Amino acid sequence: MITKTLILMLAYLLGSIPFALVVGKVGYGIDIREHGSGNLGGTNTFRVLGVKAGLLVTSGDILKGTLAASLPVLFSVHVHPLLAGLFAVLGHTYPIFAGFRGGKAVATSAGVLLFYSPFLFITLLAVFFLVLYISKYVSLSSMLAGVYAVIYTIFFTDDIPLMVVVSLLAAFIFYRHRANIKRIINKTEPKVKWL
């Protein structure tokens, strides 16, 4: 029998799959944690290993959030999909399979929203790429997409759980980007070169 606790544990374990580490080691013989920012996320993978690896890692990180949020529906267990999604985000950020040093929660958070609110996910992507096109900062784009998500859920939905979870995720994303904020202020944050 699949219980609520088991669903949340599965969601955390799904989130803990370190795609950046797997792609780096299997595909390139590189431990991504020893290069670039040392972060287990898509942005560092793009910088260190290139576009193909970056796309693979980002896609994996998004889809594990989507799958985790869908677990309560797939197994007909009375757990809110957003709660399962939160556990996946915690797994991504503090992965048991990678010494509890993970990514910055952006892609996996987006994956949770892809399952729960596809329209919000699509508009988030639009905001992310618009800010990225203007600023060339991935970190700033991620944070402002989070701000947009909070504004959207407050003013354009009446879904209280979504408002709460999106606000928590946005705050967490800002927290995880503390060093990036300092570098943006000091104008030392790396910019993307392909856009």
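Predicted model: local features only at pLDDT ≥ 70, side-chain atom pairs only at ≥ 80, totals over all residues.

Residues are numbered from 1 along each chain as its sequence is written, and side-chain values use heavy atoms, with hydrogens and water left out.

According to the unreviewed UniProt entry, the annotation "transmembrane region" covers residues 6-28, 81-100, 112-134 and 146-175; such positions are given in the numbering used here, with feature names shortened, and the annotations may be inferred rather than shown by experiment. In the model, residues 6-28 are 87% helix and 0% strand, with the end C-alpha atoms 34 Å apart, and residues 112-134 are 96% helix and 0% strand, with the end C-alpha atoms 26 Å apart. Helices here are DSSP runs (H or I, at least four residues), as strands are (E, at least two), and they are numbered from the N terminus.

The open spaces come next. A pocket is an open set of points on a 1 Å grid over the protein atoms alone, with protein on both sides within 12 Å along at least five of seven lines, whereas a cavity is a set of points where a 1.4 Å probe fits but cannot get out; lining residues have an atom within 4 Å of a point. Grid points are joined across faces, edges and corners, and a volume is the space filled by probe spheres set on the points. The largest pocket has a volume of about 1,100 Å³, and among its 47 lining residues Thr-43, Val-106, Phe-128, Val-138 and Ser-142 lie nearest its centre. At least two lining residues come from each of helices H3 (42-49), H4 (51-74), H6 (106-116), H7 (118-135), H8 (138-156), H9 (160-176) and H10 (178-186). By class, this lining has 25 nonpolar, 15 polar and 7 charged residues, where Ala, Val, Leu, Ile, Met, Phe, Trp, Tyr, Cys and Pro count as nonpolar, Asp, Glu, Lys and Arg as charged, and the others, Gly among them, as polar.

The second largest pocket has a volume of about 230 Å³, and of the 15 residues that line it, Ser-37, Asn-39, Gly-102, Lys-104 and Arg-176 are the closest to its centre. H9 and H10 each supply at least two residues of this lining, and H10 gives the most, with 4 residues. The lining of the second largest pocket has 4 nonpolar, 6 polar and 5 charged residues.

Turning to the aromatic residues, rings of Phe, Tyr and Trp (its six-membered ring) pair if their centres lie within 6.5 Å, and planes under 30 degrees apart count as stacked, over 60 as edge-to-face and the rest as tilted. The count by this rule comes to 6 aromatic pairs. Phe-172 and Tyr-175 form a stacked pair, 6.3 Å centre to centre with 15 degrees between the planes, and because these two residues are 3 residues apart in helix H9, they are separated by about one helical turn. Phe-172 is buried, at a relative accessible area of 18%, whereas Tyr-175 is partly exposed, at 43%; buried means under 20%, exposed over 50% and partly exposed in between, with a 1.4 Å probe and protein chains only. Elsewhere, Phe-119, Tyr-148, Tyr-152 and Phe-156 form one aromatic cluster.

A charge sits over a ring if NZ of Lys or CZ of Arg is within 6 Å of the ring centre and within 35 degrees of the ring normal. The charged end of Arg-178 sits over the ring of Tyr-175, 4.0 Å from its centre, and that of Lys-136 sits over the ring of Tyr-133, 5.2 Å from its centre.

Finally, two backbone positions deserve a look. Ala-105, in the loop between H5 and H6, has a positive phi of about 85 degrees although it is not a glycine, and Ala-105 is buried, with a relative accessible area of 0%. Lys-187, in the segment after H10, has a positive phi near 60 degrees, again in a residue other than glycine, but Lys-187 counts as exposed at 73% relative accessibility.
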